[in-house]
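This report describes the secondary structure, packing and surface of the model shown below.

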Amino acid sequence: MTETPTLELRGIDKSFGPVQVLHDIALSAHAGEVTALVGDNGAGKSTLVKCIGGIHPIDAGDYLFDGRPVHVHSPRDAAALGVEIVYQDLALCDNLDIVQNMFLGREKRRGLVLDDSTMEEMAAATLRGLSVRTVKSLRQKVSSLSGGQRQTVAIAKAVLWNSKLVVLDEPTAALGVAQTAQVLELVRRLADNGLAVVLISHNMNDVFAVSDRIAALHLGRMAAQVKASEVTHAQVVELITSGRSGDLGPRTTPNGAAV
Amino acid sequence: MTSALAPQKPERPNRPTDSEEDRPPTAGLGDIGRRYLDQVRAGELGALPAVAGLVVLCVFFSLLRPVFLSNLNFANLLTQSAGSIAIAMGLVFVLLLGEIDLSAGYASGVCAAVLAILLTNHGWPWYGAVAAAMLTGAVIGLLIGTLVAKVGIPSFVVTLAAFLGFQGVVLILLKEGTNVSVKDPTILAIANDNLSPVLGWVLLAGCAVGYAVLQLRRSRDRLGRGLAGTPVALLAVRTGAVVVLGGAAVYLLNQERSRNVIVSSLKGVPIVVPVIGALLLLGTFTLQRTGFGLHIYAVGGSAEAARRAGISVAFIRTSAFVICSCLAAVGGIIAASRGNSVDPNTGGSNVLLLAVGSAVIGGTSLFGGRGRVVDAVLGGLVVAVIQNGMGLMGYSSGVKYAVTGSVLLVAAGVDAMSRRRSAQR
Ligand SMILES: Nc1ncnc2c1ncn2[C@@H]1O[C@H](COP(=O)(O)OP(=O)(O)OP(=O)(O)O)[C@@H](O)[C@H]1O
Ligand SMILES: [Mg+2]
């Protein structure tokens, strides 16, 4: 790839107290592509996502956005760059309606007063743009939505802004077959619309269905980042479980020199 | 701002090709009724139980004790409940966050003591003393809010400590329990004087017209943008209800209610009514129409989601406690006016419990995230009607407290059940 990736991470380290969770991570995500981030439970996927989103500060390493080195210290910094994250636990307020959740923290105002009509219009346009037709009313409380609908709201919230990079942490983990298909279709459409998308999933079928590249984390290290078309299911599973597969992954050198 | 999705046609994604199902449903009255029923089934009872309870209680007491419906008693009911309603309004803000303020009662006592001492012992003008009382409330709220939001002590503990502490502060301020009388005519007028009958009507007319115009403008704006607006029929019904209920109240309050007209005439809307009305408007506007109010609901619904959305949770928490204590100060001023004096019991005994009870009976959840300022008014009236009606029937204070306590328990039970109900989905 000659074009600059939207997001490029180099040599990211992250520790919680004495425990180092991320070691020397490199990751890139390109506009118009879905990059799948895979790895076993506890491999550090969510931690990496929170570093990207500014929830956790990184200890060392470079964070490049559109080729420029940037510093992201808070969720607001990330949002200002155009980075939107759909967290594993969604982070929606059950007692608010769909529109209020989508605009939370970034409400449109007219003077002192909330501009509800404009927000509802924008929310409706965004959902229409995503071809979402499953919600009855935008003024429905989020507590009354199904799991898939909640996931849809969380994704729509992420694309409502002029986002360039959308990261989704296990968006289909709690969903049924039909709703999973819907959400995956939605993820694919985001990339087709020109966004860079990072998708975290444990489901290999989902990963191969929508992603262009696959990045495998193993025990806090990046085992390999490969094109989805150039690997098989079995190879990816091997990368996830043992950190290497044939030519892929770091050679068995104890000092960690990668291929 | 939505361009990310449709870079190919940035003008306006999908606008002109709206299919039938995309068009917002122009809801009729039937739809609205059905939607309301859905809400009730989902555990969102809103003001329904409080209003129903109020109607049942009023019918019950007026059948058993016709004097309950007398003009004098009606006016008494309003002035009796005003102080507690003001405190309950403040508690709504704190309850919305899922926190509690046990010190609100004695905070109102401290503020009332400051007011009375400055007025009577130091000869301050009423506005200076009121400002000082309000400032005292704000400082109290800031202190409690900081301890809860920044230091992280549970609000139950902080305000329990403050509950004891303020009880002591009132005693110290009042020199071990002397009674400081309030003689300032402006302060006394708040709970003891009435608007002239004409002014009562003018105020009602102003409210009705203002309400109708605001609602109509909002609905027009929404319909103009192709969003589902409230149908005109419903607006008419709502405005009609305001006019009829308000009109009946103003009419009753404008009747002569003095026992001896020759000595003094007593008629008109008590001044506390527009005072509470103004607080209700201000509080409702803040919670329903401003970003700050929305953030209070958000923090009450999920503090973590609010934090990730970039909302300063500590600021929201602290402000809620400041608002609560300021409204407690208002409650203290009303109590001082109604009692013509301040003593160590002002804001003490059952004041706090009745105020918390009012908010919860009105429909504000103890679990946070659900509630409105109007709940405090409706619940406060329910509590006042129970106390007043049972008093007329000759029951002792003991029975009154027991019954009020049971009603609070029922309201909290309804709250807990509706919460479980919406959690099951
Ligand atoms: N705030 C924290 N403090 C201490 N340790 C943490 C913290 N957050 C995560 N960890 C640790 O970091 C490691 C990686 O966790 P992470 O949540 O990133 O895994 P994951 O790859 O997302 O797993 P899963 O597939 O289960 O979601 C785990 O061992 C976890 O215990
Ligand atoms: Mg995770």
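## Basis and chain B overview

Helices (H or I, at least four residues) and strands (E, at least two) are DSSP runs, numbered from the N terminus. This is a predicted model, in which local features need pLDDT of at least 70 and side-chain atom pairs count only at pLDDT 80 or more, whereas totals for chains, interfaces and linings use all residues. Residues are numbered from 1 along each chain as its sequence is written, chains are lettered from A and ligands numbered from 1 in the order in which they are written, and side-chain values use heavy atoms, with hydrogens and water left out.

Chain B contains 16 helices and two strands. Of its 425 residues, 45% are buried, a term that means under 20% relative accessible area (1.4 Å probe, protein chains only). Contact means heavy atoms within 4.5 Å; among the contacts in chain B with a separation of 6 or more, 76% join residues 24 or more positions apart. The accessible surface of chain B is about 20,100 Å², and carbon and sulfur atoms contribute 67% of that area. Accessible areas come from the Shrake-Rupley method with a 1.4 Å probe; for residues, only the protein chains shown count as cover.

## Nonpolar cores

A nonpolar core is a set of buried Ala, Val, Leu, Ile, Met, Phe, Trp, Tyr and Cys residues joined through side-chain atoms within 4.5 Å. The largest one holds 148 residues, of which Phe103(A), Met89(B) and Leu115(B) touch the most other members. Helix 3 (residues 71-96) of chain B supplies the largest share of this core, 15 residues.

Beyond its neighbours within four places in sequence, Leu115(B) contacts Ala129(B), Val130(B), Ala133(B), Ile187(B), Ile333(B) and Ala336(B). A second, separate core of 32 residues includes Leu48(A), Tyr63(A), Val83(A) and Met222(A).

All five residues of strand 9 (residues 165-169) of chain A are buried. In a regular strand the side chains alternate between the two faces of the sheet. Here Leu165(A), Val167(A) and Asp169(A) lie on one side and Val166(A) and Leu168(A) on the other, and both faces are covered.

Two strands pair if DSSP finds at least two bridges between them. Strand 6 (residues 83-86) of chain A runs parallel to strand 9 and is joined to it by four bridges; Glu84(A) has Val166(A) as its bridge partner. Strand 9 also pairs in the parallel sense with strand 10 (residues 196-200) of chain A, over five bridges, with Val166(A) opposite Val197(A). Between strands 9 and 10 the chain passes through helix 6 (residues 177-192) of chain A in a right-handed β-α-β crossover; right-handed means that, with the strands pointing away from the viewer, the path from the first strand over the helix to the second runs clockwise.

Four strands of chain A form an open sheet in the order 2-1-4-5, with antiparallel pairing. Strand 2 (19-29) and strand 5 (68-69) each have a single partner strand, so one side of each is left without a neighbour in the sheet. Two bridges join strand 4 (residues 60-65) to strand 5, and Leu64(A) stands opposite Pro69(A).

Thr6(A) lies in the segment before strand 1 (7-16) of chain A. Thr6(A) is buried, with a relative accessible area of 5%; the residues that it touches, not counting those up to four places away in sequence, include His30(A), Leu64(A), Phe65(A), Leu165(A) and Ala196(A).

Definitions and conventions:
Buried means under 20% relative accessible area, exposed over 50%, partly exposed in between (1.4 Å probe, protein chains only).
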